Amino acid sequence: MYIIIALSLIILAITTAIAIITIISLLIFGYVKVPYVKTPEKGLNKMFELAKIKPNEKVYDLGCGNGQFVFKAEKDFQAKASGFELSPYPYLLAKTRQFLKGYKSKIYFKNFLNQDLSDADVIFCFLMPGACKKLSLKLDHELTSKTRIISYGFGLLNLKNFVLVEKCYNKNTPIYYYENNQLSITRE
Ligand SMILES: C[S@@+](CC[C@H](N)C(=O)[O-])C[C@H]1O[C@@H](n2cnc3c(N)ncnc32)[C@H](O)[C@@H]1O
């Protein structure tokens with residue numbers, strides 16, 4: 001009898017937790033208007049090729065999902081990587097992966113629009129056009145000349161201090177690589 005009551009309470013607790021997380025996820029989706037979709041592996045590898053990350057560089061993934069960019073930057077490039085995620089499911093996935101693999105990178109449950117990104121060497125993102133617009137305005141205002149920005153799917157059309165250096169494709173999906181005007185001029 002006690003076992004049945006205990007099991008029923010555990011099932012009720014789990015169901016309630018799942019329901020709460022789902023409701024929070026839906027509310028957050030309504031706010032950020034960007035669904036959680038993983039960047040495919042080929043696209044991810046192409047973005048890392050463009051980024052040319054050096055050890056100890058600061059790498060941010062804005063809307064980091066399960067943390068795949070953050071952990072790859074740490075594991076394969078010895079970068080100081082951080083990810084920001086507002087949706088509970090991908091955030092919990094990222095934290096679980098981090099715990100299981102012992103990664104040192106930072107995963108924040110935080111709106112990246114409220115984060116100072118001025119020390120970034122590399123910024124990765126995969127967002128929707130509305131979010132890209134808000135982000136462009138922030139990055140233009142905040143970033144220094146060293147930062148490289150790589151965006152999957154949609155361009156950061158409102159950037160003024162950055163130039164589109166390369167646009168390539170993963171199947172039919174565009175990948176945009178931006179550098180600050182000054183960095184670009186120095187390289188020429
Ligand atoms: C398309 S997914 C990309 C996930 C990951 N970067 C990848 O490529 O595998 C975009 C993620 O950004 C998150 N996101 C959107 N706006 C955000 C914001 N302002 N702050 C934090 N996370 C945000 C969403 O919750 C979603 O999980």
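How many bridges join strand 2 to strand 3, and do these strands run parallel or antiparallel? In this predicted model, local features are described where pLDDT is at least 70, side-chain atom pairs count only at pLDDT 80 or more, and totals for chains, interfaces and linings use all residues. Residues are numbered from 1 along each chain as its sequence is written.

Four bridges join the two strands, which run parallel, and glycine 83 stands opposite isoleucine 107 in strand 3. Helices (H or I, at least four residues) and strands (E, at least two) are DSSP runs, numbered from the N terminus, and two strands are taken to pair if DSSP finds at least two bridges between them.

Helix 3 (68-77) has as its buried residues (20 or more other C-beta atoms within 10 Å of their own, with C-beta atoms placed from the backbone) Phe69, Val70, Phe71, Lys72, Ala73 and Glu74. These buried residues pack against helix 2, strand 1 (58-62), strand 2, helix 4 (88-101), strand 3 and strand 4, a contact being counted where C-beta atoms, placed from the backbone, lie within 7 Å. Just after helix 3, glutamine 78 takes a positive phi of about 55 degrees.

The ligand is surrounded by 23 residues, the closest being Tyr36, Thr39, Gly63, Gly65 and Ser87, where a residue is near the molecule if its C-beta atom, placed from the backbone, lies within 6 Å of it. Helix 3 and strand 2 (80-85) each supply at least two residues of this shell.

Conventions: A residue is buried if 20 or more other C-beta atoms lie within 10 Å of its own, exposed if 12 or fewer, and partly exposed in between; C-beta atoms are placed from the backbone. Two residues are in contact if their C-beta atoms, placed from the backbone, lie within 7 Å.
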